[in-house]
Amino acid sequence: MLAFVNTPHGPTPIELRDIPEPSPAHDEALVDVHAFSLNRGELSSFARNKDGWVPGQDIAGVVLRQAASGKGPAAGARVVALVDDSGWAERVAVPSHRMAVLPDGVCFAEASTLPVAGLTALRTLRHGGALVGRRVLITGAAGGVGTLAVQIAARSGAQVTAVIGRPDRAAGLKELGATEVVGGISAAQGRFALILESAGGESLARAIQLVEPKGTIVVYGNSSTEPTTLSFADFRGAPNARIQTFSYFTSEAEERFGPDLALLVSLIADGSLKPQIGVERSWQDLLQVGDRLRGRGIPGKAVFRTDRP
Ligand SMILES: NC(=O)c1ccc[n+]([C@@H]2O[C@H](COP(=O)([O-])OP(=O)(O)OC[C@H]3O[C@@H](n4cnc5c(N)ncnc54)[C@H](OP(=O)(O)O)[C@@H]3O)[C@@H](O)[C@H]2O)c1
């Protein structure tokens, strides 16, 4: 079958190549991949991994063979799934508890935006507890995680301040539920019960000045790659505030992946979550689109169809 394979010493960091079919373990289904999405973090994963490794965490497709354990969706089910890797392929082995069945009307492209970005949006927001009437600030609001987090926070009753990097990124964020959209975190006013921080550097330093006493800053990314200097004195206006780090694979119990993916697809099905797909292309265009994502050139998510010859 065809798959993207890591080629750290080749002319391109990955290439589409013929590789052996997956061999699912006892509790893994075999899934035919129709669409997958790309995450900023995956762009930096090539250099960390060996030649021949197959990237790809976010997939949507059809179950070809149910897990031999009898658990999880049956053959023929349309599913979304989170895998550790190997998803940028025609077929992939998926643990039975890492999938959710797609309701009618939820397409593969939309569903493929959910695993990493949707779970991150949902679970970082949970660190804020009950959000009704609380002020939530979201950095990187026009990005893959950000556009989903804005919607889930607004649906939870929060007053959402969306932080964007440049004016054209404001498009559509109020329609998604943002109360206000600000250009750069330095333009945000007042204090916030919860801050989702993924830019790092100066943005994280400013977030400390904006958090409420006993409020929470969830640090889940460092898109700027800049370090932050902080000291205890920075928390003078926010005593007992908390900085919470976050990693989507380990943030909650392993068996929660299926139910949380099912929750996210149900929000799409009932119309309260609209994945923002900035680019949808054939997987042949992955490298070119990846460069655009790296350069902040794509609003929302980049999605790929595994077009077959
Ligand atoms: N810890 C975890 O488990 C976890 C999970 C998912 C993602 N992440 C991380 O969270 C971050 C957001 O992920 P994503 O998939 O939403 O990424 P994305 O789609 O590329 O969005 C990132 C957003 O951050 C903004 N940004 C602000 N400063 C930036 C800078 N200096 N360089 C690049 N972007 C900057 C961009 O804003 P503009 O569009 O306004 O330019 C962009 O919309 C990434 O750093 C990612 O690695 C972590």
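Visitor: In what order do the 6 strands of the open sheet run?

Guide: This is a predicted model, where local features need pLDDT of at least 70, side-chain atom pairs count only at pLDDT 80 or more, and totals for chains, interfaces and linings use all residues. Residues are numbered from 1 along each chain as its sequence is written, and side-chain values use heavy atoms, with hydrogens and water left out. Strands here are DSSP E runs of at least two residues, and helices are H or I runs of at least four, numbered from the N terminus; two strands pair if DSSP finds at least two bridges between them. The pairing in this open sheet is parallel, and the order is S10-S9-S8-S11-S12-S13.

Visitor: Which strands stand at the edges?

Guide: Look for strands with a single partner, so that one side of each is left without a neighbour in the sheet. That picks out strand S10 (180–183) and strand S13 (242–245).

Visitor: What stands opposite Arg135 in S9, and which ring does Arg135 lie over?

Guide: Strand S8 (residues 135–138) runs parallel to strand S9 (residues 159–164), with 4 bridges joining them. Across in S9, Arg135 faces Gln159. A charge sits over a ring if NZ of Lys or CZ of Arg is within 6 Å of the ring centre and within 35 degrees of the ring normal. At 4.0 Å from the ring centre, Arg135 lies over the face of Phe192.

Visitor: Is the Phe36 and Trp88 pair stacked or edge-to-face?

Guide: Rings of Phe, Tyr and Trp (its six-membered ring) pair if their centres lie within 6.5 Å; planes under 30 degrees apart count as stacked, over 60 as edge-to-face and the rest as tilted. The structure holds 8 such aromatic pairs. For Phe36 and Trp88, the centres are 5.5 Å apart and the planes at 25 degrees, so the pair is stacked.

Visitor: How many residues apart in sequence are the parts that Phe36 and Trp283 tie together?

Guide: Their ring centres are 6.3 Å apart with planes at 65 degrees, so this pair is edge-to-face. Phe36 lies in strand S3, while Trp283 is in the loop between strand S14 (277–282) and helix H8 (286–294), so the parts tied together are apart by 247 residues.
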